[in-house]
Amino acid sequence: MLSYPKNTYIIVFLLFTAQLLTASNLDSLSSLLQIEQKKSGSNQEKVLDLMTQISQIHFEQEEFEKALSVLDLAIPKAKKIKDLEVYQTLMADKAQVYLSTDRYLLAIETLIESIEHLKQIKDGNLAKAYTRIAGVYQKIGNHDLAYEYHMAGLEIYEEEKDSVNIGRSLYNIGSIFFYQDNCEIAIEYYQKTLDICKATKSERHIFSCLTALGGAYSRLHQTDKSLDYNLRAYELGKRLGLTSRLSYAVINLGANYAAKGDTIKALEFYEEAQALNEETNDFWGQCATLRLIGDILIQKGQFKKGYDYLMEVQKIAQQKGYRTRIKELHSSLARYYEKIGDYKQSIEHLEQYVSMKDSLANEASLQKMSDSKTRYEILQKEKELALKDAKFIIQQRTFLLLGICILSICLWLLVKQNRLKAKNNKVLAQKNIQIKKQNEELATAYALQKETNEKIKEQNRQLEQSNIELKRFAFIASHDLKEPLRTIGSYANLLQRRYKNKIDDNANEFLDYITDSAKRLYTLLNDVLDYSKLNVSKKERELTDANEAIQIANENLKTKIAKKNAHISIGELPKLTADKLHLVQLFQNLIDNSIKYSESQRPTVEIASTENNGFYQFSIKDNGIGIDPELQPKIFEMFKRLHTRDKFDGNGIGLAICKKIVQEYGGDIWVESAEGKGSTFYFTFPVPEKEMGVAA
């Protein structure tokens, strides 16, 4: 026989007792409601109060249909006796029931009806209603309408100077931009929200802002910044005991360490997030963490274990109807089957992923159309009711006055109608004149716009021709200037050799300046010539081993490597579709740069690569002098030097050539560094189609 701890019996007893008390309370309220409704002069306010309590108990017990039946009876009563506060509460409860049962269209229709009612009575809760319906649209992925309603609510909050709700609106608007992958704008909104939360000392909202900023910087590949925000959020969430919300900060931390290649630490954070999700019954979060854990296990070669995690995601997502999570799962399964060599299954899951992605997008469009139609029908019904009420009032007045002065009324109506007609005709004539004038202005503006477009087209053609001529000039100028420059240098050297002992020290110094300047200018012209000749043609591209390109680059730098006693460490590198000379030039410039700007007795350069989302990401890490973060954006510009020539030689064109090569092949290049702590240059190259297999 199994034995259980005493605490278990106590918990079961308390739960059973609470259930009995709730059921007893519901029976009591139902009995009171029946008694009150049977009274001849029943108190409608008391009836509404009882119905509200009963519906809330049904909702707490997840008896949603019973809650709806009570609300459908209570709402017309509240509207009839004009108890506006109770009416709005009941409408909000009804929308919440629909949301809890994933009936988003009905929830939106209920909230729109509530908003239109608030507009009519000019109630102060309109902004909250806007925010509530915006949240629903945001949940179903209709970002356009979510943004529209959030902005409407924000406008009211700003008029009321409600700092707390201003911050919430800004945060929600930022999230809309975040899920549209417009992270730069999202960060602006999150930062504004964070400033407001700091001013109001709202630590829970500060936690949300830190987590959001960490996620946004992660998508921008600014891993160090993202990690800083996520660690701050993690520490604050732990201190505040935010168990239900902490898991998303933990997931972000796992993503940071995964981006850094530390899969062990990433896995630890993902498992911690999964434990938090299980503790709070956050099934949406569980799907995310289980899938990420499965992806890492598959990446590490633990295919069976990783697949089991993905199957657990499938089970939860199908039970809960999480279509977005199912879509993400297809992407992970496609990668799993690709890893084990089952390309047929991989393609099938990729096709399902694309199909679901398109389907969700279409459903969002249909949702928007349906919601617009719902609002239109509600407005039309309200107009019809208003018109009927107006007609009824006119009829009553007409019948009351008919027996007293029917003739006077007819004459008065006739005069009024004529005056109104004359006034309308005058207004109409003025409008026609204005319209005619506007049409003339529009015609003039159209002609001007057409002329401007033609000028722009011609300027673009001239600019394109100028670029071609400028490139040709750069090539010819740098090539033709070499000959006289070589002559100057040769004769300067000849003068030095023949007359060194026949001229004074000043003359010898001047000749040194001439020869040194000639060498530098010759090197500069070579660099300009290389930059002008750099042109990536698809015909020149072929599958090239990056390891071979680096070996050639190191051979070219052999003298400098030996002189500086440098150590070059090279990891396992892939093959790329590119011109081998371009790859050699790219690696040679980056390795030369790392050795040149090192003051160490033993300069080290570590070269590695990883694959992510169809791109290879290369890293060239050194132990050099580092770069000030404020100066980092400038180093890829032509002729930009951060040091004088007496300290480090060079013309400031090597990194510009690297940037041009990488961007011509569809990649990107950046640097992460701090002064005195070395630098790591990153650049990306597309994975060759042959390497991506059939899925490419």
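Across the whole structure, a search finds 15 salt bridges. The model is predicted.

**Stop 1: Asp224 and Lys260.** Select both side chains. They form a salt bridge, with the closest N and O atoms 3.0 Å apart. Asp224 sits in helix H11 (residues 223–240), while Lys260 is in the loop between H12 (243–259) and H13 (263–280), so the pair ties together parts 36 residues apart in sequence. Asp224 is partly exposed, at 42% relative accessible area. Lys260 is partly exposed too, at 44%.

**Stop 2: Arg335 and Asp295.** Their side chains meet in a salt bridge, 3.2 Å from N to O. Arg335 belongs to helix H16 (residues 323–339) and Asp295 to helix H14 (residues 283–299); the two are 40 residues apart. Arg335 is partly exposed at 37% relative accessibility. Asp295 is buried, at 16%.

**Stop 3: Glu555 and Lys558.** This salt bridge spans 3.2 Å, N to O. Glu555 is partly exposed at 46%, and Lys558 is partly exposed at 48%.

**Stop 4: H7 and H8.** Select residues 143–160 for H7 and 163–179 for H8. The axes come within 9 Å and cross at roughly 160°. The helices are therefore roughly antiparallel. H7 passes H8 in a left-handed crossing. Show side chains at the contact: from H7, look for His143, Tyr147, Met151 and Leu154, among others; from H8, include Ile166, Leu170, Ile173 and Phe177. The contact residues divide into 11 nonpolar, 5 polar and 1 charged.

Methods. Residues are numbered from 1 along each chain as its sequence is written. This is a predicted model: local features need pLDDT of at least 70, side-chain atom pairs count only at pLDDT 80 or more; totals for chains, interfaces and linings use all residues. Side-chain values use heavy atoms; hydrogens and water are left out. Axes are lines fitted to C-alpha atoms, for helices over the stretch in contact, and angles run from 0 to 180 degrees between N-to-C directions. Helices (H or I, at least four residues) and strands (E, at least two) are DSSP runs, numbered from the N terminus. Angles under 35 degrees count as roughly parallel, over 145 as roughly antiparallel, 65 to 115 as roughly perpendicular and the rest as oblique. A crossing is left-handed if the near helix is turned anticlockwise from the far one by less than a right angle, and right-handed if clockwise. Contact means heavy atoms within 4.5 Å. Ala, Val, Leu, Ile, Met, Phe, Trp, Tyr, Cys and Pro count as nonpolar, Asp, Glu, Lys and Arg as charged, and the others, Gly among them, as polar. A salt bridge is a side-chain nitrogen of Lys or Arg within 4 Å of a carboxyl oxygen of Asp or Glu. Buried means under 20% relative accessible area, exposed over 50%, partly exposed in between (1.4 Å probe, protein chains only).
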